[in-house]
2 protein chains.
Amino acid sequence: MEKLLNALRAKGYKMTPQRRAVAAALIKCGKFATAQQLLLQVKQTTPDVSLDTIYRNLSLFVKLGLVTEIHLPGREGNIFEVTTNQHHHHLVCINCGKTECLDYCPISSHDLEKARERDFQIISHALEFYGYCRTCRTAG
Amino acid sequence: MEKLLNALRAKGYKMTPQRRAVAAALIKCGKFATAQQLLLQVKQTTPDVSLDTIYRNLSLFVKLGLVTEIHLPGREGNIFEVTTNQHHHHLVCINCGKTECLDYCPISSHDLEKARERDFQIISHALEFYGYCRTCRTAG
DNA sequence: ATAGTAAATAGTATTATTACTATTTAGGAT
DNA sequence: ATCCTAAATAGTAATAATACTATTTACTAT
């Protein structure tokens with residue numbers, strides 16, 4: 001968590017109790033927390049926090065590459081994960097929402113270079129593989 | 001459009017006027033249509049269509065690989081694009097939402113194989129590069 | 001052509017996500 | 001310690017996306 005907060009300080013962002021609480025909640029909730037789960041966790045220590053603050057800080061973290069947002073189909077909304085040293089992506093079941101990490105990233109520096117040639121300053125990328133997990137495949 | 005409708009028939013899905021209208025709207029709106037834009041277009045020919053139907057059919061098309069959904073940050077919501085013969089991905093400006101096609105896909109069959117080894121039946125994948133377009137970069 | 005059946009729809013409700021505004025606060029300078 | 005200013009927040013509002021139920025409709029077999 002300190003790593004996350006230090007990165008924010010280094011970029012000149014203010015350190016508020018709410019921001020600290022969101023960071024702490026991300027660590028506490030572990031992988032794949034939804035905004036609602038984070039809100040519940042944050043309220044334990046900071047009761048008067050608003051959902052807006054959760055999303056605002058999550059967006060900031062994502063923009064800075066500190067957190068990864070995973071696009072999930074279905075009703076539970078997207079999930080968030082603290083970016084680890086091992087940059088990676090995810091498998092998502094389009095039936096039950098089960099999510100698993102894929103332990104590597106198939107995007108090469110050459111790919112990023114091709115994107116940059118298009119006059120885009122690339123900050124991050126999102127990659128999700130959608131399909132059916134074993135359970136949903138056999139049940140289907 | 002016929003290609004799209006034929007693919008649906010081949011899979012045994014029913015052909016309703018609403019479904020036809022959504023398909024037609026996707027063609028008419030061209031690249032990067034939002035659900036709202038599609039609803040407006042569909043209402044021109046089928047006034048009593050519900051937003052639910054738009055989303056339901058879009059989800060179906062996406063699931064069948066006929067349409068690609070692009071995850072956009074910000075207020076306008078996601079955008080949809082008819083899948084072309086040339087499978088490709090997108091660059092998205094996280095400031096203004098401007099979206100451009102990248103004319104290829106960096107995901108190899110080896111990557112898909114690695115995903116399948118995890119007991120997932122992979123149906124599709126989403127890849128977006130996020131950053132700042134030339135305009136937002138210089139304005140920023 | 002008619003009837004049966006499962007899929008699709010309309011209309012509404014619920015939840016997720018983003019935006020807006022007035023107010024508060026963190027961090028820097030004094 | 002106090003003041004200043006821009007950033008951050010709470011609370012609310014607005015929009016996007018999904019879900020639910022009763023009803024309708026496309027397709028199949030007759």
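A:H90 stands opposite A:C101 in β5(A). This pair belongs to a predicted model, in which local features need pLDDT of at least 70, side-chain atom pairs count only at pLDDT 80 or more, and totals for chains, interfaces and linings use all residues. Residues are numbered from 1 along each chain as its sequence is written, chains are lettered from A and ligands numbered from 1 in the order in which they are written, and side-chain values use heavy atoms, with hydrogens and water left out.

**Strands of chain A**

β4(A) and β5(A) pair in the antiparallel sense over 4 bridges. Two strands are taken to pair if DSSP finds at least two bridges between them. Elements are DSSP runs numbered from the N terminus: helices are H or I with at least four residues, and strands are E with at least two. The hairpin of β4(A) and β5(A) has 5 residues between the strands, and A:G97 in this hairpin takes a positive phi near 85 degrees.

Chain A also has an open sheet of 3 strands in the order β1-β3-β2, with antiparallel pairing. β1 (33-34) and β2 (67-70) of chain A stand at the edges with a single partner strand each, so one side of each is left without a neighbour in the sheet. β2(A) is joined to β3 (residues 79-82) of chain A by 4 bridges, and the two run antiparallel. A:V67 stands opposite A:V82 in β3(A). In a regular strand the side chains alternate between the two faces of the sheet.

**Interface of chain A and chain B**

In chain A, 36 residues are in contact with 36 residues of chain B, where contact means heavy atoms within 4.5 Å. The area buried between the two chains is about 3400 Å², and carbon and sulfur atoms give 58% of this area. Buried area is the accessible area (1.4 Å probe) that two parts lose on being put together, summed over both.

The rule finds 6 salt bridges across the interface of chain A and chain B, a salt bridge being a side-chain nitrogen of Lys or Arg within 4 Å of a carboxyl oxygen of Asp or Glu. The side chains of A:R137 and B:D119 meet in a salt bridge at 3.0 Å, N to O.

On the side of chain A that touches chain B, at least two residues each come from β4 (89-93), β5 (99-102), α5 (109-116), β6 (121-132) and α6 (134-139). β6(A) gives the most to this side, with 12 residues. By class, the residues of this side divide into 20 nonpolar, 5 polar and 11 charged. Ala, Val, Leu, Ile, Met, Phe, Trp, Tyr, Cys and Pro count as nonpolar, Asp, Glu, Lys and Arg as charged, and the others, Gly among them, as polar.

Strand pairing also crosses between the chains: 11 bridges join β6(A) to β6 (residues 121-132) of chain B, and these strands run antiparallel. A:F129 stands opposite B:H125 in β6(B).

**Surfaces near the DNA strands**

DNA strand C is surrounded by 25 residues, and the closest are A:Y55, A:N78, B:T16, B:T53 and B:R56. A residue is near a molecule or strand if one of its heavy atoms lies within 4 Å of it. Of the atoms of DNA strand C within 4 Å of the protein, 77% belong to sugar or phosphate and the rest to bases. The surface near DNA strand C has 6 nonpolar, 10 polar and 9 charged residues. α4(B) gives the most to this surface, with 4 residues.

DNA strand D is surrounded by 23 residues, and the closest are A:T16, A:T53, A:R56, B:Y55 and B:N78. Of the atoms of DNA strand D within 4 Å of the protein, 76% belong to sugar or phosphate and the rest to bases. The surface near DNA strand D divides into 5 nonpolar, 9 polar and 9 charged residues. α4(A) gives the most to this surface, with 4 residues.

| Residue | DNA atom | Distance |
|---|---|---|
| A:Q36 | phosphate oxygen, DNA strand C | 3.3 Å |
| B:T53 | phosphate oxygen, DNA strand C | 2.4 Å |
| B:N57 | phosphate oxygen, DNA strand C | 3.4 Å |
| A:N57 | phosphate oxygen, DNA strand D | 3.5 Å |
| B:Q36 | phosphate oxygen, DNA strand D | 3.4 Å |
| B:D52 | base nitrogen, DNA strand D | 2.8 Å |

How values were computed: A polar contact is a pair of N or O atoms within 3.5 Å; within protein, one must be able to donate a hydrogen and the other to accept it, and residues adjacent in sequence count only if both atoms are side-chain atoms.
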